[in-house]
Amino acid sequence: MRVLVTGGAGYIGSHACVELAGRGHELVLVDNFSNSSPLVAGRLATLTGREPELHRADLRDRAAVDGLFKGRGIDAVIHFAALKAVGDSCRRPLDYFDNNIGGTIHLLQAMRAHGVGRLVFSSSATVYGDPDGVPVREDAPLRVTNPYGRTKLVMEQLIGDLCTSDPGFRAVNLRYFNPVGAHPSGLIGEAPGGVPDNLMPYVCQVAVGLRERLAVFGGDWPTVDGTGVRDYIHVMDLARAHADALDFLVRGHRSASINLGTGQGTSVLQLVRAFERASGRAVPYEIVDRRPGDVAEVYADPSLAHRLLGWRAEHDIDAMCRDAWHWQSRNPGGYADGPAAPGGAAAS
Ligand code: NAD
Ligand code: UFG
């Protein structure tokens, strides 16, 4: 198939592109590089043996989005492009609604105009807010707690309404738990700008010497060791699920919302110890106050993904830490710092 990948230069999108190319799909990537680097194109060329077709465009530009579909024979869309930082979304909610929902409306309009009826959408476990219990199933109540989460929920609802109104339009919402890790080559990975919000990139930056110590947000949670528990999922497992979700739509199945997690909870301190084992580096930390908005324990019931997609996570926390460290140690400052890769960015 010819697949349009929005946000294809980003962390999860770039890994999905490697998996999709490996399964023989032809890819058209679009990104505005608001949170990524055009240098990813060269790395993707190395990994896939082919220079990606990568367009610089913003999904808020309706004409540009429509133009991406013209004459390209797009069969399906995977929609990663979004702003994704919870704290940032509390500071500038209008930008999040404008970018995430505005961009998605233009994408859906262009899909309808060009008769493209298959969509895989990047949703998030954030739609469950503070769940009543774990493991979290897809039929758990949806109640978001921040503007970023609200944009994800509104986008799921928007897509759901479109599926109801048009039997020719089908979608899979993939609700990711906590994506971490990197491609085992160390050529692509997560490259956050500024101070990382999330645990694994922060731990990586401490281990590589960019930051002094990790602040552990709370040591008094009602969990195994008092620190927060999450369901970390290797980005290569996530990548595989996107290709499986496309196959699911091609087989003609109805629309669905599906959790992507391992089903295993890992505490902050368990992750720190696994990372120290994998990297051979010490990760100094101190326990500080809880972070506002955090919850004690969230992990997935991933059984629906197995039933519908035949998908299961294969990587454990040790592999996640090993690959995150491999990427970080090869590219201490992100893409600009890494080993030179053949081929230039094909951004248009
Ligand atoms: P990312 O920021 O690395 O990737 C998103 C990409 O979209 C970036 O390359 C960015 O430049 C691009 N983009 C943003 N707005 C755009 C616009 N208007 N037009 C064109 N390009 C635009 O983030 P990621 O971690 O790869 O996340 C991908 C998706 O998965 C997002 O939708 C995110 O909300 C969702 N998600 C991520 C996580 C996580 O922890 N990483 C968890 C759950 C869900
Ligand atoms: N944590 C620390 N120190 C840090 C960063 C995080 O102790 O510097 C702790 C948090 O308190 C939490 C755990 O590490 O207990 C994981 O925190 P992350 O920020 O890595 O991830 P969250 O579960 O808070 O949230 C992430 C995304 C959300 C998304 C959610 C589920 O940021 O957008 O995963 O997909 F909704």
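In the predicted model, the secondary structure of the protein chain consists of 11 helices and 13 strands. The C-alpha trace extends over about 55 × 50 × 40 Å along its principal axes. The radius of gyration is 19 Å, which agrees with the value near 20 Å that a compact globule of 348 residues would have. Of the 348 residues, 54% are buried.

Two ligands were examined in turn. Ligand 1 is surrounded by 26 residues, of which Asp31, Asn35, Ser36, Tyr148 and Lys152 are the closest. Polar contacts to ligand 1 involve both backbone and side-chain atoms of the protein, as follows. An oxygen atom of ligand 1 lies 2.8 Å from a backbone N or O atom of Tyr11, and a polar backbone atom of Asn32 is found 3.1 Å from a nitrogen atom of the ligand. Tyr148, one of the closest residues, places a polar side-chain atom 2.7 Å from an oxygen atom of ligand 1. Taken alone, ligand 1 exposes 820 Å², and the protein buries 95% of that area. Helix H1 (11-22), strand E5 (118-124) and helix H6 (147-165) are the elements that each give two or more residues to the shell around ligand 1; E5 gives the most, with three residues. By residue class, this shell comprises 12 nonpolar, 10 polar and four charged residues.

Ligand 2 is surrounded by 21 residues, and the closest of these are Phe177, Ala215, Arg230, Arg291 and Asp294. At Asp197, by contrast, a polar backbone atom is involved, at 3.5 Å from an oxygen atom of ligand 2. On its own, ligand 2 has 680 Å² of accessible area, of which the protein covers 88%. Strand E8 (residues 214-217) gives the most to the shell around ligand 2, with four residues. The shell around ligand 2 contains 12 nonpolar, five polar and four charged residues.

Key: Residues numbered from 1 in each chain as written. Chains lettered and ligands numbered in written order. Predicted model: local features only at pLDDT ≥ 70, side-chain atom pairs only at ≥ 80, totals over all residues. Heavy atoms only, no water. Near = heavy atom within 4 Å. Polar contact = N/O pair within 3.5 Å; in protein donor to acceptor, adjacent residues only side chain to side chain. Areas by Shrake-Rupley, 256 points an atom, 1.4 Å probe, with all protein chains shown as cover. Nonpolar A, V, L, I, M, F, W, Y, C, P; charged D, E, K, R; others polar. Rg over C-alpha atoms; globule rule 2.2 N^0.38 Å. Buried < 20%, exposed > 50% of the residue type's maximum accessible area, 1.4 Å probe, protein only.
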